Amino acid sequence: MSNLKLSLAMGNYDRTRAIVDGRVQIDGVDPVPMLMSPEEMFFRAFRHEAFDISEISLSSYSISVARGNPHYVAIPVFLSRAFRHTSVYIRTDKGIETPQDLKGKRIGIAEYQLSANVWVRGILEEEYGVKPSDIIWVRGGMDTPGRPEKIKVQLPGDIRMEEAPVGSTLNGMLEAGEIDGFVGPRWPRCFAERHPHVGRLFADSIATAEAYFEKTRIFPIMHVLGVRRSLAEEYPFLPAALLKAFTQSKLLAEEALSDTSATKVTMPFVEDNLNRVHALMGDDPWSYGVGGNAHVLNKFLDYHASQGLSPRRVEIEELFHPSTLEAYSL
């Protein structure tokens with residue numbers, strides 16, 4: 001029996017590179033890797049079911065599961081995780097000094113249902129008492145006017161949502177002071193260009209995130225790996241084979257990162273930051289699998305349902321293929 005030749009869409013990460021270059025093989029599969037941005041990958045995966053295996057948005061996938069029409073089934077491979085305290089940008093000349101100052105402000109978003117935005121809204125409400133309905137949301141494209149939600153959503157009646165004016169971008173509106181802030185996984189270009197009146201809500205985002213982790217033990221999950229549901233049904237070995245290979249690939253990346261003979265990342269202070277992370281989060285800070293991440297997934301699913309994105313509260317077991325919920329041991 002020859003290997004399956006399957007398309008594989010994902011980001012260009014150190015933790016997946018060994019699969020791309022062939023150092024790690026997926027049992028029974030000859031992958032055809034395609035390295036893409038999340039925006040392109042998710043749009044094509046959820047609008048057109050374009051890939052056999054794909055990195056997918058946890059939020060968009062949860063919506064499809066709750067609605068009963070998921071074309072993919074997830075593997076607990078968490079290709080993107082991030083503390084989203086870095087994702088809240090503000091105009092520093094609008095009187096915003098604390099999270100509570102966001103109440104009544106006009107805040108730009110590219111899509112309401114982005115996983116990063118689910119986490120930010122949940123954290124703002126649970127940790128700081130700022131409800132999604134306290135903010136006026138302005139939806140639009142970051143650098144290109146207009147951007148559709150990749151999955152259509154029905155928002156609760158108390159959510160105030162405006163569309164950005166025709167021809168306007170969120171970056172341009174933030175730069176001009178026409179919105180008071182922006183929430184999203186990508187930093188707005190005017191922040192990267194050091195606009196004098198654009199900054200982060202949490203000035204010391206690392207210290208804020210460390211305190212959040214110490215309190216909650218949550219390292220937020222953004223993306224999971226998905227395999228076409230029909231393929232998983234036809235080839236039941238496939239989900240576990242993917243979990244095995246992606247776990248091996250991540251292990252190689254972690255070993256390379258820990259090799260201090262010559263830094264593998266084009267950034268100073270790698271060893272110092274790695275030691276800081278391990279002191280805070282333990283030896284496996286970027287863990288895969290459901291077992292050690294159930295509390296993270298449950299928190300996300302709680303937020304997702306409470307924000308009206310899921311028509312019902314999804315359970316963890318509904319997200320992942322049954323063969324990936326447990327593993328063999330020697």
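Colleague: How far apart are the end C-alpha atoms of residues 86–143?
Modeller: Keep in mind this is a predicted model. An unreviewed UniProt entry annotates residues 86–143 as "domain: SsuA/THI5-like". The span is 24% helix and 21% strand, and its end C-alpha atoms are separated by 19 Å.

Colleague: Strand E5 pairs with E10, so to speak; which residue in E10 is the bridge partner of Ile90?
Modeller: E5 covers residues 88–91 and runs antiparallel to E10, with 3 bridges between them. For Ile90, the bridge partner in E10 is Gly199.

Colleague: And which strands stand at the edges of that sheet?
Modeller: The sheet is open and mixed, with 6 strands ordered E8-E7-E6-E9-E5-E10. Each edge strand has a single partner, so one of its sides has no neighbour in the sheet. On average, neighbouring strands are turned by 30° against each other, direction ignored. The edge strands are E8 (160–163) and E10 (198–200).

Colleague: Now the helices: are H4 and H11 roughly parallel or roughly perpendicular?
Modeller: The axes of H4 (residues 115–128) and H11 (residues 294–306) come within 9 Å and cross at roughly 85°. Angles from 65 to 115 degrees count as roughly perpendicular. H4 and H11 are therefore roughly perpendicular.

Colleague: How many of the residues in the contact of H4 with H11 are charged?
Modeller: On the H4 side, Trp119 and Glu126 are among the contact residues, and H11 brings in Lys299 and Phe300, among others. The contact divides into 6 nonpolar and 3 polar residues, and the charged ones number 2.

Notes
Residues are numbered from 1 along each chain as its sequence is written. This is a predicted model: local features need pLDDT of at least 70, side-chain atom pairs count only at pLDDT 80 or more; totals for chains, interfaces and linings use all residues. Side-chain values use heavy atoms; hydrogens and water are left out. Axes are lines fitted to C-alpha atoms, for helices over the stretch in contact, and angles run from 0 to 180 degrees between N-to-C directions. Helices (H or I, at least four residues) and strands (E, at least two) are DSSP runs, numbered from the N terminus. Angles under 35 degrees count as roughly parallel, over 145 as roughly antiparallel, 65 to 115 as roughly perpendicular and the rest as oblique. Contact means heavy atoms within 4.5 Å. Ala, Val, Leu, Ile, Met, Phe, Trp, Tyr, Cys and Pro count as nonpolar, Asp, Glu, Lys and Arg as charged, and the others, Gly among them, as polar. Two strands pair if DSSP finds at least two bridges between them. UniProt positions are given in the numbering used here, feature names are shortened, and annotations may be inferred rather than shown by experiment.
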